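Subject: Structure handover

Hi,

Here is the structure for you to take over. Please open it alongside this email.

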Amino acid sequence: MKSIAVVGASLAGLRAVETLRSEGFDGDLHLVGDEVHRPYDRPPLSKQILSGDWDVERIWLTAEEKFDELDLKTNLGDAAVSFDAATLAVTLASGLVLDVDGVVIATGARTRTIGEPLGGVYTLRTLDDAQAIRAAFQAGPSRVVVIGAGFIGAEVAASARGLGLDVTMIEMAESPFERSLGAEMGAVLAEVHRDHGVDLRLGVGCAAIVGEEHVESIRLTDGSMIETDLVIVGIGVIPNVEWLEGSGLNIENGVVCDATSLAAPGVVAAGDVAEWPNGHFGETMRVEHWDNAITQAVHAAKRLLHGESVGPYEPVPWFWSDQYDRKIQLAGRTTGFDSFEIVNGDIESRKFAAIYGRNGTIVAVLGFNRPRHVMRYRQLIDAKTSWADALAAEF
Amino acid sequence: MSFKVVVDYDLCESNAICMQIAPDVFEVRDDDFLYLLTEAPDEDQRVKVQESVQRCPKQAIAIVDTED
Ligand SMILES: Cc1cc2nc3c(=O)[nH]c(=O)nc-3n(C[C@H](O)[C@H](O)[C@H](O)COP(=O)(O)OP(=O)(O)OC[C@H]3O[C@@H](n4cnc5c(N)ncnc54)[C@H](O)[C@@H]3O)c2cc1C
Ligand code: SF4
């Protein structure tokens, strides 16, 4: 292989180019990204950047000298607009066509929005978004309305409360965080927000955002109105696959890969944009977590260079979320769990570890300020330990 | 050449990723603080420590090469 293009210059894209180089690839290496910034880290955006604890200089994923050492041909601020999986030609918005023998797709995801753009209404995915929301926080809004109690919305709510702002968070589901944590644990997290003064409204959605040039209020599906001049929409993300239309690749809920991360001959995908069958759970998944973007990028880069011998990618997905003084971590998948047990600490103190089982095997662990336990049980999940043995384990 | 591991404890959030990768070097204990089991690990730990540097979400770990 003489030349490779990595498309998407964020976490997965950066870890892919680093891995290609450390695995000995010394040919032409292109890094294409539609953002003008060099790769930066997203998790601090909803945490330390919104709260003002960090200044921007701390979010770069790599120091400038180290980035230069990778000897890349960078095309930043120039989006890929089309791709042909037969010839591997990548066409950029500027008209440039990259003629390469290998491609890593790492274009991630973007936020879902509601209605037309309106002043005072934001989503949070990029550094520019975070800086705009930070400025809006500092301008002293009358109230912050967060639409959607997902993890990002919840972190925005926590950061806003930390600054003393009034926060209303609305969530269509009766039971927030249910999809990832299950109803019971979702309710525990919801209580944490109420205790910190968030006006949390469950079972109602946003029917309309009202305002001429700037938001004035939002109307809820139950007909009630909330007056506000700042709205953060946190209703999930959509994978960035439009540039792959007509490429010949299979696109469903993301770029469809085989178990080894291969999407087509000479094409691999990783991070938030990639969907693949994870043999560990017997489930096809697309994972929107930081750690997965790294491990999948490393795997995909090796797959591209070394071929099938690299084997299937079968991780136990893991994520963390910081809300107030709680570190919430979940490893594994709670989908369809039939057993559940608190194995350390207790719910009252909100410091605990809990495990989830399915068909007699441990499949997930949740920790509230219990990182050590999460990692230990994660190893049991990795080893497909029986539910009985997991319950008997002591850490 | 040997190396030293340096952790910036102000950045570390004790999520124990490094412990999962290199349990002979990093340990998060019950007090939820990270402890270094050794500051100068054997050379055969280098790859694991490097992976920890790369995967630490807080970028709190650094490797410093030493002369001897
Ligand atoms: C505010 C926030 C907080 C988060 N907090 C956590 C957390 O606490 N824990 C956790 O586990 N995860 C967290 N995440 C998720 C984590 O950041 C993502 O999983 C990770 O960024 C995915 O990396 P990626 O490289 O796959 O995709 P992205 O980071 O989405 O990067 C894709 C890049 O490709 C670019 N791109 C898109 N289309 C094109 C194109 N056609 N041509 C060129 N470039 C293109 C995009 O602009 C972007 O720069 C958070 C995410 C956000 C937004
Ligand atoms: S991976 Fe980083 S943040 Fe996590 S415990 Fe280790 S040093 Fe601390």
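Below are the findings, grouped by region.

Please keep in mind that this is a predicted model.

In chain A, helix α1 (residues 11-22) packs with helix α8 (residues 290-306). Their axes are 8 Å apart, at an angle of about 40°. That angle falls between roughly parallel (under 35 degrees) and roughly perpendicular (65 to 115), so α1(A) and α8(A) are oblique to each other. The crossing of α1(A) past α8(A) is right-handed.

On the α1(A) side, the contact is made by A:L11, A:A12, A:R15, A:A16, A:T19 and A:L20.

**After α1**

A:D26 sits in the loop between α1 and β2 (28-33) of chain A. It is exposed because its relative accessible area is 72%, and the cut-off is over 50%. A:D26 and A:M1 are 25 residues apart along the chain, with 9.4 Å between their C-alpha atoms.

Helix α9 of chain A covers residues 371-382, which is 12 residues. From first C-alpha to last it reaches 16 Å, close to the 16 Å expected at 1.5 Å a residue. Nine of its 12 residues are buried, so α9(A) is largely enclosed by the rest of the structure. Among the buried ones are A:R372, A:H373, A:Y377 and A:R378.

Just after α9(A) comes A:K384, with a positive phi of about 50°. A:K384 is in the loop between α9 and α10 (387-392) of chain A. With a relative accessible area of 47%, A:K384 is partly exposed.

**Another positive phi**

Most residues other than glycine have a negative phi. A:Y324 is not a glycine, yet its phi is positive, about 55°. A:Y324 lies in the loop between β24 (318-323) and β25 (326-332) of chain A. Its relative accessible area is 22%, so A:Y324 counts as partly exposed.

**A buried strand residue**

A:N278 belongs to strand β22 (residues 274-278) of chain A. A:N278 is buried because its relative accessibility is 0%. Which residues does A:N278 contact, leaving aside neighbours within four places in sequence? They are A:E283, A:M285, A:Y313, A:E314, A:P315 and A:P317.

Best regards

Conventions: Residues numbered from 1 in each chain as written. Chains lettered and ligands numbered in written order. Predicted model: local features only at pLDDT ≥ 70, side-chain atom pairs only at ≥ 80, totals over all residues. Heavy atoms only, no water. Helix = DSSP H or I, 4+ residues; strand = E, 2+ residues; numbered from the N terminus. Buried < 20%, exposed > 50% of the residue type's maximum accessible area, 1.4 Å probe, protein only. Contact = heavy atoms within 4.5 Å. Expected span 1.5 Å × (residues − 1). Axes fitted to C-alpha atoms, helices over the stretch in contact; angles between N-to-C directions. Parallel < 35°, antiparallel > 145°, perpendicular 65-115°, else oblique. Left-handed = near helix turned anticlockwise from the far one by under 90°.
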